[in-house]
Every structure is written in structure tokens, then in C-alpha cells.
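Open the model in your viewer and keep the selection panel at hand. The tour goes stop by stop, each with something to select.

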Amino acid sequence: MIAASLREFVADAPAGDDSVAAAALEALSAAFTTAEETGTTTDRLIWLDTFDWRLYRAGLMLRFEQARRGGRLVLSRTDGTQQAEQPVAGWPRRPRLPEDLPDGPVRDRIIVLTSPRALLPLARAVSTASVTRLLNADGKTVARLVTEHTTVTAPGTTAPTAELPARLVVTEVRGYPGQARRAATLLAAVPGLGYASQTVFTAALTALGRHPSDGGPPADQEITATMPAQVAVARLLLRLLDTLELNVDGVLRDIDTEFLHDFRVAVRRTRSALKLLGGVLPADLAGYYGAEFKWLGDLTTPTRDLDVHLLGFDAMAAQLVAASPADLEPLRAFLVRRRAREFRRLARTLRGPRFRAITDDWRKALLEIRDAGGPPRPTAAGLARATTGRAFRKIVAQGAAITPTSAPESLHNLRKRAKELRYLLEFFAPLHDPVSYRKVVSDLKQLQDCLGEFQDSEVQRAEIHALADAMLAEHAGPAATLLAMGEIAAKLALSQAEARAEFAVRFARFAGPAGQERVRVLLEGRP
Amino acid sequence: MKIFATYNIKGGVGKTTAAVNLAYLSAADGFRTLLWDLDPQGAASFLFRVKPRVKGGGKALIRGTRTLDDAIKGTDFDRLDLLPADFTYRNMDLLLGGAATTGTGTKPTRKLARLLKPLAAEYDHVFLDCPPSISLVSENVMHAADVLLVPLIPTTLSVRTLDQLTEFVAGFSGHRPDVRAFFSMVDRRKKLHQEIIATLQSERADVAATPIPALSMIERMSVERAPVTAFAPNSVAARAYRALWSELSKDI
């Protein structure tokens with residue numbers, strides 16, 4: 001393992017056992033006079049990241065350091081190198097959106113990575129440090145030995161859950177680098193003292209059993225080419241159920257809008273899997289749960305639609321040419337009120353018996369299938385080939401029939417087919433050659449973006465009309481707001497027309513002879 | 001970055017003890033502080049237990065073959081660094097005079113100011129502890145400083161010196177330091193000291209209200225090898241320096 005620093009050491013001794021620290025001082029006395037500084041300093045800090053570890057995955061870590069009044073946010077690389085810091089008044093108990101932080105270099109750096117996610121506490125730490133000065137023959141301090149004892153607590157609990165091994169750090173005094181090196185060399189030879197292989201942050205996460213999610217499924221949910229298709233499908237669906245359940249708490253606590261988004265994606269994927277692969281499951285299962293998951297999807301739609309409006313609100317307002325962004329503010333207030341109402345309804349239902357029954361019974365059913373095994377044929381690979389090929393052919397046929405005069409519904413339907421194909425590709429990704437997979441997904445994504453733009457523009461335009469009606473009915477929309485909304489609707493119509501014009505090129509790339517060959521290679525391998 | 005310089009044409013008037021204690025108090029107040037011991041005798045370096053030696057000597061620093069940054073040493077105190085003295089500083093006049101002819105284009109009297117400029121990002125306050133003399137070094141210091149701190153022993157002669165110095169600085173074109181005098185090594189038992197202090201403080205706005213008394217505790221600094229404000233923070237001497245610093249730092 002690579003040492004975090006050649007000046008940082010960790011004692012291999014249980015908490016409270018100071019024998020290693022004493023041995024360290026003994027070793028240092030061979031070259032230095034030591035003088036212990038009176039008193040200790042205590043630092044309190046909270047490490048923060050989004051639910052899906054966006055900062056960590058970008059190689060960063062963020063901590064809030066509490067001071068007597070307020071505190072500061074410090075952004076570092078995961079190796080500890082500081083990147084930016086800014087003062088903040090404090091850190092609330094509940095999660096906090098970076099958008100709500102005061103302006104400053106940390107906010108500027110992280111917002112592009114985290115938005116729209118909130119920052120959650122990963123771990124809290126209380127660290128007590130004592131300092132021993134290392135003196136030369138003139139009695140001058142030429143280096144310092146800082147001994148840190150850190151207690152870490154998982155968020156949401158008050159009892160300390162882990163005490164990290166004592167950490168001994170040699171700090172350099174400016175102009176005396178050689179002395180710090182010398183001290184570190186002496187410490188390196190002390191039995192029971194090893195180079196620190198982790199930063200305090202990583203050590204804290206390890207001690208609390210928290211690990212950045214790597215996105216991979218647990219071993220008992222992996223799929224292989226030769227396993228029975230029924231087992232593979234049960235595993236896929238279990239994984240989706242895990243994702244769904246993982247997000248429920250964040251949805252109910254309304255931490256950030258991504259929880260509901262990820263929840264809905266898991267529902268949508270489950271529904272697609274039931275529709276496209278449900279045939280291999282025992283009779284009626286797909287039909288029954290297909291209906292239940294549709295109910296669940298529909299339940300979440302109003303809140304999500306309002307989230308989308310609110311998330312894109314500023315960008316939308318910035319596009320206004322004739323009207324002023326301020327004209328749209330009554331719409332924002334209206335959306336916020338509606339969202340609060342819809343969210344209450346959603347939360348009530350998610351806490352209710354029907355949702356609980358769906359998830360509990362569904363899991364039980366899937367576990368039974370997974371553990372019982374299934375008929376050896378078809379295999380997972382066979383099912384992947386058949387369903388993916390069918391989904392692709394359907395897109396080719398439906399897309400080819402679309403002309404510039406076709407009704408918008410034809411493009412909407414094609415978008416649904418494209419989404420189904422995308423899900424199938426992702427479900428069976430571990431069975432495909434990665435290079436061929438990336439090529440097909442990249443083409444498909446281009447087509448999906450175009451179809452998405454087309455449909456979203458239309459849906460949003462219809463929603464703007466519906467919102468305008470509702471605001472009029474509730475006397476919540478002044479004329480200036482309605483006019484501004486009209487301008488937004490006109491812009492959406494323009495985007496839709498552009499997407500439509502783009503469609504033919506994107507479709508040809510995906511479904512033309514070259515695209516068909518790429519899908520053939522993906523499913524059958526090279527000749 | 002604010003530059004303070006302790007200066008007096010005479011030696012033994014409390015320049016170094018003032019520079020050392022005021023620099024310490026500045027750092028203790030949270031300012032990133034540098035003290036440059038320009039005196040080849042190296043008294044300030046001695047008080048901070050730093051060897052009075054700079055690699056390449058004053059020549060390397062003045063010619064720029066070694067940056068100031070490179071020669072700085074950390075003291076035992078947070079935020080307080082020291083640029084040590086070097087015996088070759090005794091030739092600094094020649095070095096400063098010579099630098100102008102080596103093509104830097106900087107006037108001989110502005111050389112130190114130019115050398116200090118790159119430190120602006122790193123330090124809030126710089127204290128220059130000058131050797132006693134009238135020389136190219138002291139003229140450089142006057143041009144570099146924002147505040148010229150002049151310790152005065154309360155005698156008629158030293159008052160004359162302050163007048164001369166104020167007049168000299170007033171003749172500068174462009175940047176002029178604020179001259180702030182303070183009484184040093186004051187013996188309250190001497191009537192003459194009391195009279196001069198009372199007169200000068202009432203007549204001149206550039207004389208600080210806080211006098212620094214002559215105390216054996218201040219002399220003890222050379223035994224303790226630390227600022228009196230650090231090793232005896234509650235002593236009369238430390239309190240006097242703190243009062244002086246708070247008076248001076250009010251204008252920052």
C-alpha cells in the first residue's frame with residue numbers, strides 16, 4: 001500500500017495504549033531535545049458528500065471544521081492536498097444543498113459536481129492533538145511531532161462508534177526540512193509504528209464500515225451467460241428493487257430531487273423488464289406486478305414533473321427575450337405550492353400499506369425464484385440475444401415508417417421502444433463485449449436524446465398551458481406572468497421543431513446498415 | 001502587506017527588542033508576520049535562536065541569485081518567520097550601491113523595497129530591524145517602510161535626531177513612510193525623562209502615548225532567547241509592548 005505521507009505514522013496499538021507513542025519519543029531523543037507543549041487542541045469536523053459520493057468519485061473530499069463561532073468548509077483532494085476553503089456560519093443537522101451555501105470558492109468548485117444533490121454527513125470526528133517540539137542544540141524548534149487521537153461517529157448516532165489508532169505526524173518548521181526528514185527516519189524504525197497508509201478520512205470511513213458505492217451489484221445478484229434465464233431475470237429485478245428501496249428514505253425526507261428521480265428510474269426499469277423479460281417468470285407474476293409498478297410510477301409523476309420545472313426554472317427564465325425573468329416569479333411560487341401539495345400526497349402513499357406490500361411480497365417472490373433455480377434453457381445469453389434483437393428490429397421497422405408528416409405519437413412510441421432497448425442493453429451489459437456495447441449504446445443515446453428533446457418540449461408546452469389554466473382559475477397568474485409563459489411555450493415549440501429536423505440523421509446513423517452491423521456484432525460476435 | 005521598520009541612528013536604544021516583541025504580537029494577533037534582521041550583529045536572530053547565516057550571504061539576496069523566500073526560517077511561534085542576519089550584511093551598502101550598476105535598473109535606494117515585493121502574498125506584516133547608522137541601507141529601509149518606528153531615549157539630543165529624521169523623510173518624492181516615535185528605555189525616576197516625555201507628547205502627534213520602560217525583564221530576553229511578550233506575558237514589560245502594539249495597530 002502507498003503511504004499517505006512519509007511524515008505520517010499510525011500506531012499499531014489499541015486505543016488508550018500509549019506505549020508506542022512513548023517509544024516514538026524515546027527514539028526522537030537520540031537526535032533532539034523534546035519539549036511538550038502545554039494543553040491540547042480539539043478539532044470537531046464533519047465529512048460531507050452527496051448520497052452517491054459525487055465528490056469522492058471526482059477525487060475530492062469536503063469537510064466542515066467547527067470553530068468556536070461558525071466554521072469553515074475545506075475542500076481537498078482525497079490525498080489531503082487542500083483545494084479551497086470558505087467560512088460558513090455552521091452546519092445544520094439536516095442535509096444541505098450546495099446551492100444554499102454563501103458564495104465562495106468551495107461552493108463554486110463543488111456545485112457543478114453535486115447539483116442537484118444535497119450534501120449529507122458521511123462521518124463526524126473529534127480529534128485531539130498534542131504537540132511535542134523537537135529542539136536543536138540552540139533550543140530552537142526545528143520540527144514538531146503532532147500526536148492525534150480521533151474518535152469517529154456515524155451520522156445520525158450520538159455514541160462514539162470507533163476510535164482510530166493514534167496518528168503521529170512530523171511537521172516541518174520552515175527553513176529546517178532536513179530536521180523533519182531526520183525525525184521521520186527515526187520514527188520509521190520504531191516497532192509498532194507504521195507509515196499511515198490511509199488519510200484520516202479514509203481511515204474513518206473504514207472504521208465505520210462505510211465505503212464509496214462502486215455501482216457494481218453484490219455477488220449474489222450478478223448474472224452470467226450460462227445461468228438459467230429465469231434466475232438471471234430474478235437477479236436483475238432484485239437489483240432494481242434494492243435501488244428502489246435505497247432511495248425511499250431520501251424521497252420521504254425530501255433530501256434532494258435525485259432520490260425521487262432514481263426511485264422512478266428503478267420503477268421504469270422494473271416495468272420494462274417485466275414487459276420484455278417477464279415471460280420467463282412463473283405465470284401471472286409479471287402481469288400482477290406490472291400493474292402495481294405502473295401504479296407506483298404514476299404516483300410519483302406529478303411531484304417529479306414539478307421538480308423538473310423547478311430545477312430548470314432559472315434556465316428557462318434566462319431565455320426570455322420579450323418578458324422579464326421577474327415576470328415568471330408568480331409561476332415559481334405557484335409551482336412550489338403545488339409541489340408541496342403533491343409531495344405530501346406521495347409521501348402519505350409511500351408510507352401506506354400498498355407500497356409496503358408491493359416491495360415485501362415482490363422481494364419474497366424474486367428470492368424464491370432466484371434460489372429455486374429454473375429450467376436450464378433458455379440461458380441468460382439466449383434470452384439477451386432474443387429480446388435485444390427483437391427490440392432492435394422493432395425500432396428499425398417503426399423508425400423507418402416515420403416521415404416528416406407523421407404524427408408526433410409515432411415519435412413518442414419510438415422513444416419508448418428506444419428506452420426499452422437501452423434497458424435491455426444495460427440489463428445484459430455484463431454478457432456483452434465492452435467495445436461493441438459502447439458503440440451501440442453511444443449511437444442509441446444520440447437517437448434517444450433527439451427523441452427526448454422532441455417529446456419533452458411537447459409535454460412541457462402542454463404543461464405550461466395546463467399551468468396557465470390552473471393559475472387563471474386560482475387567480476394566481478398576473479397578465480405579465482401569463483405572457484412570459486407564452487414566450488416560454490413558443491421557445492419550446494422551436495426546440496421541438498429543431499429536434500424533429502434532426503431525427504432523420506440520428507435515426508439513419510443508429511438503424512442504417514452500419515448501425516445494424518454493430519448490433520449484429522454485439523449479439524453474435526464477429527464472423 | 002504593511003512594512004514596519006525600527007530605526008534610529010544610534011545603537012542601544014531598544015530597536016531590536018521593539019522589533020522582536022512587536023513582530024511577536026503581530027503574529028499572535030493572527031497576522032502572517034516576517035521579521036528581517038538586517039543588523040549584521042544578528043541580535044534578533046540570536047533572540048529567536050536562529051543561526052545568523054544566509055547561504056550566499058547578503059550578496060545572493062541583493063543580487064537576486066537567492067530569493068528572500070528561500071532564506072526564511074520559521075521561528076518557534078505560529079505565523080512568525082525570520083529572515084536571519086548574516087555577517088556579510090556589514091557590506092550591504094556596497095551591495096546595494098553595486099546592484100544598480102549590474103543592470104537591474106532599480107535605484108540604489110529602492111532596492112530593498114523591490115526585493116520585498118514578492119512576499120506580499122505570503123505576509124501581512126513585515127518588520128525590518130535596521131542597524132544603527134545613516135547609510136544606503138537605512139535609506140533603503142525608509143523607502144520600503146510604510147511605518148518608521150523610532151525608539152527614542154528621552155534626552156534632548158534624541159529629540160533633535162527625530163526632527164532631523166522627519167525632515168529627511170519629508171524630502172522624499174513619492175512614497176513616504178509615516179514616522180511614529182515612541183519612548184524607549186524610560187526611567188520614571190529621572191525627572192528629565194518625565195519632562196521630555198510630557199513636553200514631546202503634548203507637542204507632537206507622531207509620538208506614541210505608550211513608553212517602553214527600562215526594565216531588567218527586557219534585558220532578560222537575551223538569556224531566555226525569546227520575546228518578553230512570549231516568556232513573561234504578564235510582566236510590566238510585556239504589557240508595555242502590548243499597549244504600544246495596540247496603539248500602532250489601530251492605524252493599520
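Start by colouring chain A by domain. Domain 1 covers 8-208, domain 2 covers 218-360 and domain 3 covers 379-527. The model is a predicted one, so colour by confidence next. Chain A has a mean pLDDT of 91, and 96% of its residues reach 70 or more. Select helix α7 (residues 257-277) of chain A: among the elements of chain A, its mean pLDDT is the highest, at 96. Then select helix α9 (residues 313-318) of chain A, which has the lowest, at 88.

**Between domains 2 and 3 of chain A**

Show domain 2 and domain 3 of chain A together. Their centres, taken over C-alpha atoms, are 19 Å apart. In the contact, 27 residues of domain 2 of chain A meet 27 residues of domain 3 of chain A. Which elements of domain 2 of chain A give two or more residues to the side that touches domain 3 of chain A? Select α6 (229-252), α7 and α10 (329-350) of chain A. Helix α7(A) makes the largest share of that side, with 5 residues. Now colour this side of domain 2 of chain A by residue class: 19 residues are nonpolar, 4 polar and 4 charged.

**One residue in α6 of chain A**

Stay on helix α6 of chain A and pick A:Leu238, which lies in it. Is A:Leu238 buried or exposed? A:Leu238 has 20 other C-beta atoms within 10 Å, so it is buried. Leaving out residues up to four places away in sequence, A:Leu238 touches A:Gln221, A:Leu366 and A:Arg370. A:Leu238 and A:Ser442 are 204 residues apart in sequence, and their C-alpha atoms are 27 Å apart in space.

**Where the chains meet**

Bring chain B into view. The contact takes 8 residues from chain B and 7 residues from chain A.

Chain B has an open sheet of 7 strands, with mixed pairing. Step across it in the order β3-β4-β2-β5-β1-β6-β7 (chain B). Why is one side of β3 (73-74) and of β7 (178-183) of chain B left without a neighbour in the sheet? Both strands stand at the edges, each with a single partner strand, so one side of each has no neighbour there.

Select strand β6 (residues 147-152) of chain B alongside β7(B): the two pair in the parallel sense over 6 bridges. Zoom in on B:Val147, which stands opposite B:Asp178 in β7(B).

Methods:
Residues numbered from 1 in each chain as written. Chains lettered and ligands numbered in written order. Predicted model: local features only at pLDDT ≥ 70, side-chain atom pairs only at ≥ 80, totals over all residues. pLDDT = per-residue confidence, 0-100. Helix = DSSP H or I, 4+ residues; strand = E, 2+ residues; numbered from the N terminus. Contact = placed C-beta atoms within 7 Å. Domains from an automatic or database assignment. Nonpolar A, V, L, I, M, F, W, Y, C, P; charged D, E, K, R; others polar. Pairing = 2+ DSSP bridges. Buried ≥ 20, exposed ≤ 12 C-beta atoms within 10 Å, placed from the backbone.
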